[in-house]
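Here is a short tour of one protein model. Take a moment with the sequence and the fold before reading on.

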Amino acid sequence: MFKVLFVCTGNICRSPTAEGYMQKIVNEAGLQSLIFVDSAGTSSYHQGDEPDARSVECALNHGLDLRCLRSRPLKADDFAEFDLILAMDSQNIWNIEQKRPYGDERYGHAVVKKLLEYAPAFGENVPDPYYGDHGFENVYQMISAACDNLLEELKSEL
């Protein structure tokens, strides 16, 4: 089974949207026995919280319900458990690598990339809509495009 982990800062806006969307399209493709999806945050500020209400509303407008998801922090075992860790932005990449345990080769297993490597037309970083005016809809469009492309790539490799 191929395992994908989406990571943002608090695991309440971008990464749960990516997890929910990716799980939806994996299920629609009938690949849930081949692809496992999860999300986490580089901080534990929101541990156990539901996704941000604005992310939930945006996702619901697209027929996607995120309300069952709960925030969790990135943990050392994620580097051994997941094949691919997808960060939302450059700061997340840096934070993820700071949390990677070294000295045990099993923690070097996960490949860490930015999600928008799968949708480069949107730029390099998925902006954090939590504090700014980046718009949850814009972020949803970036994430869904990247996840669609990621799934196509995974289908060709599985």
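**Nonpolar cores**

This is a predicted model. Its largest nonpolar core has 37 residues. Those with the most contacts inside this core are Phe6, Met22, Leu86, Leu115, Val126, Cys147 and Leu150. Several elements each supply at least two residues: strands S1, S2 and S3, and helices H1, H2 and H5. H5 provides the largest share of this core, 10 residues.

In soluble globular proteins, nonpolar side chains tend to be buried together.

Leu150 shows what such contacts look like. Leaving out residues up to four places away in sequence, Leu150 touches Val4, Phe6, Met22, Leu84, Leu86 and Tyr118.

**The cavity**

Rolling a probe the size of a water molecule over the atoms shows where empty space is left. Here the count comes to one cavity of 30 Å³ or more. The volume of the largest cavity is about 50 Å³. Its lining consists of Cys13, Arg14, Thr17, Ser55, Cys58, Pro129, Phe136, Val139 and Tyr140.

| Helix giving two or more lining residues | Residue range |
|---|---|
| H1 | 14-28 |
| H2 | 53-61 |
| H5 | 136-157 |

H5 gives the most to the lining, with three residues. By type, the lining residues divide into six nonpolar, two polar and one charged.

**Two buried residues**

Where does Asn11 lie? Asn11 sits in the loop between S1 and H1. Is Asn11 buried or exposed? Asn11 is buried, because its relative accessible area is 2%, and buried means under 20%. The phi of Asn11 is near 60 degrees, a positive value in a residue other than glycine. Most residues other than glycine have a negative phi.

Phe79 lies in helix H3, residues 78-81. Phe79 has 0% relative accessibility, so Phe79 counts as buried. Which distance separates the C-alpha atoms of Phe79 and Val111? The separation is 8.4 Å, with the two residues 32 residues apart along the chain.

Definitions and conventions. Residues numbered from 1 in each chain as written. Predicted model: local features only at pLDDT ≥ 70, side-chain atom pairs only at ≥ 80, totals over all residues. Heavy atoms only, no water. 1 Å grid on protein atoms, 1.4 Å probe; cavity = no way out; pocket = protein on both sides within 12 Å on 5 of 7 lines; lining within 4 Å. Points joined across faces, edges and corners; volume = space filled by probe spheres on them. Helix = DSSP H or I, 4+ residues; strand = E, 2+ residues; numbered from the N terminus. Nonpolar A, V, L, I, M, F, W, Y, C, P; charged D, E, K, R; others polar. Buried < 20%, exposed > 50% of the residue type's maximum accessible area, 1.4 Å probe, protein only. Core = buried A, V, L, I, M, F, W, Y, C linked by side-chain atoms within 4.5 Å. Contact = heavy atoms within 4.5 Å.
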